[in-house]
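Colleague: Please take me through the features of this model one by one, giving the general idea before the particular case.

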Amino acid sequence: MQRSFIARNPSVLIFLAALALFTILVTILAEGAGAGVISTSFVKTLGKTLCLCLVAVAMDLVWGYCGILSLGHFAFFGLGGYMIGMWLMYARTEEIVLSANAGAALPMTPQELSDGIAAQIFGVVGGSELPWVWSFAHSLPLQLLLILLLPGLIALVFGWLAFRSRVAGVYLSILTQAMTLALSLWLFQNDSGLRGNNGLSGLQNIPGLAEVPQATLSLWFLWASAFALGGFYLLAAWVVSGKFGSVIRAIRDDEARVRFLGYSVEGYKLFVFTLTAMIAGIAGALYYPQAGIVNPAEIAPIASIYLAVWVAIGGRGRLWGAVLGAAAVSLVSSWFTSGQAPAIPLGFYTVVWTDWWLVLLGFGFVAVTLFAPNGLAGLVERIFIRGAK
């Protein structure tokens, strides 16, 4: 009798149970629930961390299991943020413009409303008209669709061109990094239609929910982020199980042999690359309303390198390891870079951790690579296996 998917993968059930328990505990202790033990700002930090864990799962699927070291997946993450950010800014600005003209003798015409919204949004970059990239910004369903379609389409086209040319290894990594750099440089320009270096701001103000306090909204986003992480973790675990998972792991280990056996290597790689780009887009769409702002710096190549570091530290080839690495680095980074870590006076020099965090992260990455090549997940497994013995 064939066992069920969960029975064959008990770690999935353990992960989902731990995620549910974590979400419930944070909800009970949060300021929005009345307990006040966990502040609203920290609830947002936890919600953003869950989104980073989700994009780390996508990165582990494409790199840890399929062997494609993409240095561009955070660009898909940022694109998801831009897509939802456009609707948030448009709808929120529409409310402001309508409220400002509520006492006028005549209601605004659609053109006057559009002009007023454009002036509010693009006045900071010297513009007064809505660019063509904002054509669907008025429609939430269309922008939600673009969160999936835009990263997916870019990944599909890029992957098809790269994989059919059999670009692999470090050359593919360089190409993905070049794609990310080109996108970020374009977004930095004011005439990109996305406000250049200013980015999209005020995203924490959800249209139609002005009366709902941020403490409550932060919990809603935490729940949505946890639900997305749990759902896509389950999807990723299902993808890597069975024959499909065996094939993509074989592609990672010996692509030439898999091709010789008659498998469509390019098709498998393209599917995984496109799927993970779409997952990254969804993660970004949940992250940036909690962050409140998205700008081109978020899409810079260094962000995708950080993503690879998280997965490597957590332990690539283990989905829960990617989650562990992203959560650990994200939370420790928040502590060090927010000024909460106490400075260390040495007499001749004072160590301020906001200046030294990246150096510490680099040392941590080197240490994990040298002494724990399987990452934190490998260490946890070793401890539990030894403990069981």
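This is a predicted model: local features need pLDDT of at least 70, side-chain atom pairs count only at pLDDT 80 or more; totals for chains, interfaces and linings use all residues.

Colleague: How many aromatic pairs does a search of the whole structure find?

Modeller: Rings of Phe, Tyr and Trp (its six-membered ring) are paired if their centres lie within 6.5 Å, and planes under 30 degrees apart count as stacked, over 60 as edge-to-face and the rest as tilted. The search of the whole structure gives 15 such pairs. In one of them, the ring centres of Phe76 and Phe273 are 6.2 Å apart with the planes at 85°, so this pair is edge-to-face. Because Phe76 belongs to helix α4 and Phe273 to helix α11, the pair ties together parts that are 197 residues apart in sequence; helices here are DSSP runs (H or I, at least four residues), strands are runs of E (at least two), and both are numbered from the N terminus. The rings of Tyr263 and Tyr268 also make an edge-to-face pair, since their centres are 6.3 Å apart and their planes at 70°; Tyr263 is partly exposed at 31% relative accessibility, while Tyr268 is buried at 19%.

Colleague: What end-to-end distance should the 28 residues of α4 span?

Modeller: The expected span of a helix is 1.5 Å times one less than its number of residues. For the 28 residues of α4 this should be 40 Å, and because the end C-alpha atoms are 41 Å apart, the two values agree. Of those 28 residues, 21 are buried, so α4 is largely enclosed by the rest of the structure.

Colleague: How many salt bridges does the structure hold?

Modeller: Side chains of opposite charge can pair when their charged atoms come close. The working criterion is a side-chain nitrogen of Lys or Arg within 4 Å of a carboxyl oxygen of Asp or Glu, and the structure holds 6 salt bridges. One of them joins Arg92 to Glu95, with the closest N and O atoms 3.1 Å apart. An α-helix has 3.6 residues a turn, so residues three or four places apart point the same way. Arg92 and Glu95 are 3 residues apart in helix α4 (residues 73-100), which separates them by about one helical turn. Both are partly exposed, Arg92 with a relative accessible area of 26% and Glu95 at 30%.

Colleague: Which parts does the salt bridge between Glu266 and Arg166 tie together?

Modeller: The closest N and O atoms of Glu266 and Arg166 are 3.8 Å apart. Glu266 lies in helix α11 (residues 265-291) and Arg166 in the loop between α6 and α7 (169-188), so the pair ties together parts that are 100 residues apart in sequence. Arg166 is exposed at 56% relative accessibility, whereas Glu266 is partly exposed at 23%. Arg259 and Glu255 form another salt bridge, with 3.1 Å between the closest N and O atoms, and both lie in helix α10 (residues 255-260), 4 residues apart. Salt bridges with shared partners join Arg166, Glu255, Arg259, Glu266 and Lys269 into one network.

Colleague: Where is phi positive in a residue other than glycine?

Modeller: Arg166 has a phi near 60°, and Arg195, in the loop between α7 and β1 (200-201), has a phi near 70°. Arg195 is buried at 8% relative accessibility.

Colleague: Which residues make the nonpolar surface patch?

Modeller: Patches take residues with over 30% relative accessible area and no salt bridge, joining like charges within 9 Å and nonpolar side chains (Val, Leu, Ile, Met, Phe, Trp, Tyr) within 5 Å; the areas come from the Shrake-Rupley method with a 1.4 Å probe, and for residues only the protein chains shown count as cover. Here Ile344, Leu346, Phe348, Tyr349, Trp356, Val359 and Phe363 make a nonpolar patch of about 730 Å². Helix α14 (residues 353-371) gives the most to this patch, with 3 residues. Val359 is found in that helix and is partly exposed at 37% relative accessibility.

Methods. Residues are numbered from 1 along each chain as its sequence is written. Side-chain values use heavy atoms; hydrogens and water are left out. Buried means under 20% relative accessible area, exposed over 50%, partly exposed in between (1.4 Å probe, protein chains only).
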